[in-house]
Amino acid sequence: MLRSYTAADAVTIGNASCGTIAIFLCLDYVPTESPRYLWMAFILIPLALVCDVLDGFVARTQKSRQSVLGGDLDSLADVISFGVAPAVLGFTLGLRGGWDMVCLTYFVVCGVSRLARFNVTAEALADTSTGKVKYFEGTPIPTTIIIVGVLAIAFMLERIDGALWFGSMRIASATLHPLVLLYVASGSAMISTIRIPKP
């Protein structure tokens with residue numbers, strides 16, 4: 001299988017690797033509470049985005065060798081780096097209430113659903129002359145990098161004034177941190193039917 005990988009596939013594997021290592025760093029943070037682990041995770045997720053952008057560029061420069069695995073590999077890497085890793089990051093930082101977990105799960109499921117929808121409909125949505133998809137339906141999953149940025153700012157502020165999650169509330173004996181609603185909004189945007197022009 002490795003022999004069938006193209007250069008673009010190798011960059012996609014870099015995307016998945018960055019997301020996976022970010023998850024491991026979150027797990028390292030839990031027992032130690034060493035901020036360096038989280039700051040490395042905050043760096044790796046944007047690095048995964050760089051790989052996600054580069055794999056398309058590399059694929060276009062290698063027109064002579066098309067990847068059979070490319071599209072699916074890209075979607076699976078995106079689920080790790082822009083779905084599971086941001087959710088684990090939020091959980092690590094304190095979004096651990098019962099309602100928080102429901103919201104984080106919803107977010108990941110929306111990301112998986114959005115990518116599955118794209119993979120299934122891409123051929124039907126493609127322009128007949130160029131073969132390229134003209135628009136995304138729902139926001140692309142890499143837009144969750146915005147959540148990672150918000151978490152990085154919140155983590156930095158928490159280290160200064162101790163107010164990371166802007167409070168919490170109890171609803172039916174489970175805790176909800178209002179910040180987790182950012183994940184709900186992002187997930188809902190991903191599975192929406194909003195059409196966004198594809199660059």
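**Figure 1. The loop between β2 and β3.** Ser173 sits in the loop that joins β2 to β3. In this predicted model, Ser173 has a positive phi of about 65°, although Ser173 is not a glycine. The residue counts as exposed, at 63% relative accessibility. Ala172 is placed in the loop between β2 (169-171) and β3 (174-176). The phi of Ala172 is also positive, at about 50°, and Ala172 is not a glycine either. With a relative accessible area of 67%, Ala172 is exposed.

**Figure 2. Overview of the protein.** The protein holds six helices and four strands. Read from the N terminus, the order of the elements is α-α-α-α-β-α-β-β-α-β. Of the 199 residues in the protein, 43% are buried. Taking contacts between residues at least 6 apart in sequence, 78% join residues at least 24 apart. The mean pLDDT of the protein is 86, and 85% of the residues score at least 70. Which element has the lowest mean pLDDT, and which the highest? Strand β1 (residues 135-137) has the lowest, at 76, whereas α6 has the highest, at 95.

**Figure 3. Helix α1 and its buried residues.** Helix α1 is made of 26 residues. From its first C-alpha to its last, α1 reaches 37 Å, which is close to the 38 Å expected at 1.5 Å a residue. The buried residues of α1 include Ala8, Asp9, Thr12, Asn15 and Ala16 in one part of the list, and Cys18, Gly19, Ala22, Ile23, Leu25, Cys26 and Tyr29 in the other. An α-helix has 3.6 residues a turn, so residues three or four places apart point the same way.

**Figure 4. The loop residue that follows α1.** Glu33 comes after α1 and has a positive phi, near 55°. The residue lies in the loop between α1 (7-32) and α2 (35-61). Is Glu33 buried or exposed? Glu33 is exposed, because its relative accessible area is 55% and the cut-off for exposed is over 50%. Glu33 and Leu93 are 60 residues apart in sequence, and their C-alpha atoms are 9.9 Å apart in space.

**Figure 5. Cys18 and Cys51.** How many disulfides does the protein have? The count comes to zero. Cys18 is in no disulfide, and the nearest cysteine sulfur, that of Cys51, is 4.7 Å away. Cys51 is likewise in no disulfide; the cysteine sulfur nearest to that of Cys51 belongs to Cys18, at 4.7 Å. Cys18 counts as buried, at 9% relative accessibility. Cys51 also counts as buried, at 14% relative accessibility.

**Figure 6. The residue Thr61 in α2.** Thr61 belongs to helix α2. Thr61 counts as exposed, at 52% relative accessibility. Along the chain, Thr61 and Ala7 are 54 residues apart.

**Figure 7. The bend in helix α3.** Helix α3 (residues 70-93) has 24 residues. Its span from first C-alpha to last is 33 Å, close to the 34 Å expected at 1.5 Å a residue. Where does α3 bend? The bend, of about 30°, is at Val84. A proline, Pro86, follows within four residues. Just after α3 comes Gly94, which takes a positive phi of about 130°.

**Figure 8. The buried side of helix α6.** Helix α6 covers residues 181-190. Tyr183, Ser186, Gly187 and Met190 are the buried residues shown in α6. Why do these residues fall on the same side of α6? They cover an arc of only 100° around the axis, and therefore lie on the same side of the helix. Among the elements of the protein, α6 has the highest mean pLDDT, 95.

Methods: Residues are numbered from 1 along each chain as its sequence is written. This is a predicted model: local features need pLDDT of at least 70, side-chain atom pairs count only at pLDDT 80 or more; totals for chains, interfaces and linings use all residues. Side-chain values use heavy atoms; hydrogens and water are left out. Helices (H or I, at least four residues) and strands (E, at least two) are DSSP runs, numbered from the N terminus. Buried means under 20% relative accessible area, exposed over 50%, partly exposed in between (1.4 Å probe, protein chains only). A disulfide is a pair of cysteine sulfur atoms within 2.5 Å. The arc is that of the directions from the helix axis to the C-beta atoms. pLDDT is the predictor's confidence in each residue, from 0 to 100. The expected span of a helix is 1.5 Å times one less than its number of residues. The bend at a residue is the angle between axes fitted to the seven residues ending there and the seven starting there. Contact means heavy atoms within 4.5 Å.
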